[in-house]
Amino acid sequence: MIRSSIAGHLLRMLLLVALWSGVVWSAQAFAQEVTTVYLVRHAEKDGPGEDAGLTEPGKARARALAHVLADVKLSAIFVSSVQRTSLTAQPTREMTDPKLELLQRDTTKTAEEIQSTFKGKNVLVVGHSDSVGKIAEKLGADGIGTLPADAFDRLFVIHIDGEQVVLERLRYGAP
């Protein structure tokens, strides 16, 4: 009788350890691989030139973006070679000090870099009216397309967890 009681206790202990190990493994696998991409178009540009800066409302929008992302630990910020994207990202970069990356003209390469180099991390991408939708699509989030010429307040948040992609559509700054 004592032997069967000890064997029963040992069996229950082994079962509990096995269950607990499975729960811990599942939680770790779930928590470590979600990549979050914050995707915006540059703020309002100052003039028609290819390398125009930002208007005063554009500078205010850039500060609003920094405020929205103040508590996000960014690993990188992607900007294009024109100054309006860098100026849009600048207040956020000053608050979080992430690595600055050049946004590739080939949106597939940018998406691949995000998914490989920054897997499981948070990144900000500051693009253009015609590149934001393409980047989102390459990351698996369809349906954004080309942004209207006057749409500067869109903030797309893309959560990538393996094959599952969730797109949030938000707005920031003044309408």
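E44 is buried, at a relative accessible area of 15%; buried here means under 20%, exposed means over 50%, and partly exposed lies in between, with a 1.4 Å probe and protein chains only. Before I go on: this is a predicted model, in which local features need pLDDT of at least 70 and side-chain atom pairs count only at pLDDT 80 or more, while totals for chains, interfaces and linings use all residues. Residues are numbered from 1 along each chain as its sequence is written, and side-chain values use heavy atoms, leaving out hydrogens and water.

What does E44 meet in a salt bridge? Its partner is R61, at 2.9 Å from N to O. By salt bridge I mean a side-chain nitrogen of Lys or Arg within 4 Å of a carboxyl oxygen of Asp or Glu. This pair links distant parts of the chain, 17 residues apart: R61 sits in helix α2 (residues 56–68), and E44 in the loop between β1 (35–41) and α2. Helices (H or I, at least four residues) and strands (E, at least two) are DSSP runs numbered from the N terminus. R61 is also buried, at 4% relative accessibility.

The structure holds 6 salt bridges. Another one joins K99 and E101, at 3.2 Å from N to O. Here K99 is partly exposed, at 49%, whereas E101 is buried, at 11%.

Next, R154 and D153 form a salt bridge, with their closest N and O atoms 2.7 Å apart. Salt bridges with shared partners join D153, R154 and R171 into one network. D153 counts as buried, at 8% relative accessibility.
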